[in-house]
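This report covers the sheet, the helix packing and some single residues of the structure shown below. It is written for a reader who works with the coordinates.

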Amino acid sequence: MGSPLHTVFEYVLLVVGSLIMAASFNAFLNPNQIASGGVAGVSTIAQHLTGLNPAIIQWGLNIPIFLLALWLLGGQFGLKAAVGSVVFPLCVFITTHIGTPTHNPLLAAVYGGIGVGLGLGIVFRGRGSTGGLGLAAQILHKFSGLSLGFSVAIFDGLVILTSALVFTPENALYALIGLFVTTKTIDIVQLGFNYAKVAFIISEKTDAMRKAILNDLDRGLTELNGHGGYTGESRTVMMVVVKQNEVTRLKTLVRAVDPQAFVILSETNEVLGEGFKRHA
């Protein structure tokens with residue numbers, strides 16, 4: 001359990017993130033009829049058909065979905081999901097008359113997607129939720145056996161498909177752009193820009209390679225025991241995590257020590273520990 005101050009901070013993040021999402025929705029997405037998934041997208045479509053304020057529509061959807069999830073899935077969501085289900089529509093209501101900087105649908109999709117992704121990323125950092133179709137996807141996931149990611153994609157896809165029928169197919173394409181930008185922005189907020197690389201090195205000159213990495217590159221390494229699939233011989237696999245700006249130095253060192261070394265480089269989104277990012 002976190003301290004009371006930390007809990008308060010998480011609720012502050014929930015409110016701030018909801019405000020950013022709501023402002024982006026009212027400034028960019030809703031005025032340009034871009035329904036890029038979620039209850040917010042449903043409210044854009046429903047407003048066009050009924051004339052109701054999107055916040056009223058969101059409350060009308062969020063609260064029943066939360067109660068249904070509570071009944072079918074139990075009390076695993078806690079207070080934050082309940083608060084998020086109410087707070088986000090409230091923020092949408094408050095920012096209804098924020099104004100629209102652009103009526104260019106491409107710009108609206110990009111900037112709206114960034115704003116919604118930034119807000120959601122902040123909410124997620126506070127371990128919160130804005131409820132809505134995310135909870136509906138968890139219900140589908142539990143009772144259908146589909147993966148959670150695919151369940152979310154189904155609901156977002158249905159919203160975007162409906163927007164193509166209610167508005168135009170072009171609007172649906174802009175909604176896809178907005179959804180893509182939102183997803184990438186959430187990743188940036190959650191993981192930051194500090195992408196790193198993890199290298200797996202197999203070399204006949206293990207001792208020399210170890211010394212070069214430890215002393216010249218000044219990076220730690222982990223040695224894994226492996227066996228050649230063809231020869232059956234024992235192999236030492238060195239695992240090294242380096243920052244982006246150290247990749248060239250690592251490759252140069254490996255080539256200098258053993259030009260025949262086998263190296264696998266792959267991207268890793270977040271590294272916690274000494275020499276990298278501290279544990280939160």
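What is the order of the four strands in the open sheet? The order is β2-β3-β1-β4, and the pairing is antiparallel. The edges are held by β2 (222-227) and β4 (262-268); each has a single partner strand, so one side of each is left without a neighbour in the sheet. On average, neighbouring strands of the sheet are turned by 25 degrees against each other, direction ignored.

The model is predicted: local features need pLDDT of at least 70, side-chain atom pairs count only at pLDDT 80 or more, and totals for chains, interfaces and linings use all residues. Residues are numbered from 1 along each chain as its sequence is written, and side-chain values use heavy atoms, with hydrogens and water left out.

Some terms need their cut-offs. Helices (H or I, at least four residues) and strands (E, at least two) are DSSP runs, numbered from the N terminus. Two strands pair if DSSP finds at least two bridges between them. Axes are lines fitted to C-alpha atoms, for helices over the stretch in contact, and angles run from 0 to 180 degrees between N-to-C directions. Contact means heavy atoms within 4.5 Å.

**Strand pairing**

Strand β1 (residues 196-202) is joined to strand β3 (residues 234-243) by seven bridges, and the two run antiparallel. Seven bridges also join β1 to β4, again antiparallel. Individual bridge partners of β1 residues are listed here.

| Residue | Bridge partner | Strand of partner |
|---|---|---|
| Ala196 | Lys243 | β3 |
| Lys197 | Val242 | β3 |
| Ile201 | Val263 | β4 |

Helix α9 (residues 206-216) lies across β1, β2 and β3, and runs at about 15 degrees to β3.

**Helix packing**

α9 also packs on helix α10 (residues 247-257): their axes come within 10 Å and cross at roughly 150 degrees. The crossing of α9 past α10 is right-handed; a crossing counts as right-handed if the near helix is turned clockwise from the far one by less than a right angle, and left-handed if anticlockwise. From α9, Ala208, Met209, Ala212, Ile213 and Asp216 meet Arg249, Leu250, Leu253, Val254 and Val257 of α10. The residues of this contact divide into eight nonpolar, no polar and two charged. Here Ala, Val, Leu, Ile, Met, Phe, Trp, Tyr, Cys and Pro count as nonpolar, Asp, Glu, Lys and Arg as charged, and the others, Gly among them, as polar.

Elsewhere, the axes of helix α2 (residues 38-50) and helix α3 (residues 54-73) come within 9 Å and cross at roughly 125 degrees. That angle makes α2 oblique to α3, where angles under 35 degrees count as roughly parallel, over 145 as roughly antiparallel, 65 to 115 as roughly perpendicular and the rest as oblique. α2 and α3 cross in a right-handed sense. On the α2 side the contact is formed by Val39, Ala40, Val42, Ser43, Ala46, Gln47 and Thr50, and on the α3 side by Pro54, Ile57, Gln58, Leu61 and Asn62. Seven of the contact residues are nonpolar, five are polar and none is charged.

**Single residues**

Thr185 is part of helix α8 (residues 169-191) and is buried, with a relative accessible area of 12%. Leaving aside residues up to four places away in sequence, Thr185 touches Gly113, Ile114, Gly117 and Leu118.

Asp156 belongs to helix α7 (residues 148-166). With a relative accessible area of 13%, Asp156 is buried. Beyond residues up to four places away in sequence, Asp156 touches Gly37, Gly38 and Leu179. Asp156 and Thr231 are 75 residues apart in sequence and 50 Å apart in space, C-alpha to C-alpha.

Most residues other than glycine have a negative phi. Gln33, which is not a glycine, has a positive phi of about 55 degrees. Gln33 sits in the loop between α1 (4-29) and α2 and is partly exposed at 28% relative accessibility. Asp218 also has a positive phi, near 60 degrees, in a residue other than glycine. Asp218 lies in the loop between α9 and β2, and at 62% relative accessibility Asp218 counts as exposed.

Methods: Buried < 20%, exposed > 50% of the residue type's maximum accessible area, 1.4 Å probe, protein only.
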